[in-house]
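Hi everyone, thanks for making time this morning. Let me put the structure up on the screen, and then we can walk through a few of its features together.

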Amino acid sequence: MTMSKISNRRQFLAALATGTTSLATAHAFGSIPATATRSATTPTPHQFIIPPYLQALTPTGVSLLSITSRPAYTWIMYGKEQLSDKAHAVEDGMVQANNTLSSIRIADLQPDTVYYYQVISKEIISFAPYKLEYGEEIKSEIYTFRTPKTDADTVSALVLNDIHDRPESYATMFRLAHQLPYEFVVLNGDLFNYQTDEKQVIEHLLHPCTELFASEKPFVLNRGNHETRGRFARNLKQYFDYLEGKYYQAFRQGPIFWIMLDTGEDKPDDEPVYAGIVDYDNYRKEQATWLEQVMQTKDYQQAPFKVVVMHIPPFHSGDWHGTLHCRELFSPLFDKYQVDVVLSGHTHRYGIYKPQPDHTYHIVIGGSPKEGNRTMTHVAADRKSLTINMIKDDGSNVGTVALSKKKR
């Protein structure tokens, strides 16, 4: 990492701490090109569009994604003390190449270990049947990440929701959290209004996240109903990594067993606006079958705490079709298998709801995209207690859940 780039990152973090940073500030850094798009008519030099970002970090592996301005062969150099090991993506005997979006999985890592890594990319100028010609080689900064412990006593995470194409909100909310511990971030749906193109994904999500944390700490995109809309919605998943290839997933980290559900659209499938090309009812039924299987595992049952993350809450969200269907399919399982907390968004009205006659678990609903109503939720647990704090964009705490381990 060059001294100029170190200085730039320090300036950015200083601006973050004082609240003076913005997306425009981030664009001016030099480590990120001001134009984060590819053009068929305007040639651009071979460069990284954004820094690399971490996905699906486990005790023994991590996925690293990067985007370049030109088709290339991209690989990772990494190691514990020096960049001595190499990783690239191989599928069907072919190394991933001649692309701009690169997703590389590094396996066989050691738990609770700090690793250094650097992304290297060589432009492919010509790709003839029997002759490949390389162009310029570029290198990213050197970054670090720590793998989680296999059976950690503690865990902490941050949860954001309903950004709705306001990328400046990331810096605002992370300024509030700069002293809070967190191992990963959950983006719990409706980060966009609808999906248009790669430029939107980069500028309104990947860019602010990589400037703030995502090159050294992972995030999970948990899809909301607005991520299902628009011409680019079916391309969105390729910019992230899900170990099972599904938006919905489950994993144990620390004393929490985490379940991420994809609640789909909030309207019936036969609404004219969907033009007959969605099937979210069956998709939610598929998840309910999967969910009960997960909840019957020893890993789930032995976890001190169970937390579900789903964009549409099963209660306190009106009577739209999506809410009612989620309530019908998922809430009986939450009750039966003793879920502690459901983290949601969607309603644009923040609130914390204690267990009630119709649900035995707490429901935490994050705020809206509007200034004065934005929230960040901090989740922290050890083997005896789970604490959830919701922080509004003015720094005030607007709700807390504090639970002790149940005798199950």
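**Salt bridges and a bent helix**

Let's begin with R374, which is buried, with a relative accessible area of 11%. Please keep in mind that this is a predicted model. Which residue does R374 meet in a salt bridge? The partner is D393, and the N-to-O distance is 2.8 Å. D393 sits in the loop between β20 (385–392) and β21, while R374 sits in the loop between β18 (362–365) and β19 (375–381), so the pair ties together parts that are 19 residues apart in sequence. D393 is buried too, with a relative accessible area of 11%.

In general, side chains of opposite charge can pair when their charged atoms come close. How many salt bridges does a search of the whole structure find? It finds 16.

Another of them joins D340 and K406, with the closest N and O atoms 3.5 Å apart. You'll find D340 in the loop between α7 (321–336) and β16 (341–344), and K406 in the segment after β21 (397–404), so this pair ties together parts that are 66 residues apart in sequence. Here D340 is buried at 3% relative accessible area, whereas K406, at 32%, counts as partly exposed.

Next, have a look at D112 and R146, whose closest N and O atoms are 3.1 Å apart in a salt bridge. D112 belongs to the loop between β6 (99–106) and β7 (114–128) and R146 to strand β9 (residues 143–146), so parts 34 residues apart in sequence are tied together. Both count as partly exposed: D112 has 33% relative accessibility, and R146 has 47%.

There is also a network of salt bridges, and it links R229, E265, D266 and K267.

Now for the helix. Please find α4, which covers residues 198–214. At its start, a side-chain oxygen of D197 comes to within 3.3 Å of the backbone nitrogen of K199. With 17 residues, a straight helix would reach 24 Å at 1.5 Å a residue, yet the end C-alpha atoms of α4 are only 18 Å apart. Where in α4 does a kink lie? Look at L206, shortly before the proline P208: the kink there is about 40°.

And is α4 largely enclosed or open? Of its 17 residues, 15 are buried, so the helix is largely enclosed by the rest of the structure.

Conventions: Residues are numbered from 1 along each chain as its sequence is written. This is a predicted model: local features need pLDDT of at least 70, side-chain atom pairs count only at pLDDT 80 or more; totals for chains, interfaces and linings use all residues. Side-chain values use heavy atoms; hydrogens and water are left out. Helices (H or I, at least four residues) and strands (E, at least two) are DSSP runs, numbered from the N terminus. The expected span of a helix is 1.5 Å times one less than its number of residues. The bend at a residue is the angle between axes fitted to the seven residues ending there and the seven starting there. Buried means under 20% relative accessible area, exposed over 50%, partly exposed in between (1.4 Å probe, protein chains only). A polar contact is a pair of N or O atoms within 3.5 Å; within protein, one must be able to donate a hydrogen and the other to accept it, and residues adjacent in sequence count only if both atoms are side-chain atoms. A salt bridge is a side-chain nitrogen of Lys or Arg within 4 Å of a carboxyl oxygen of Asp or Glu.
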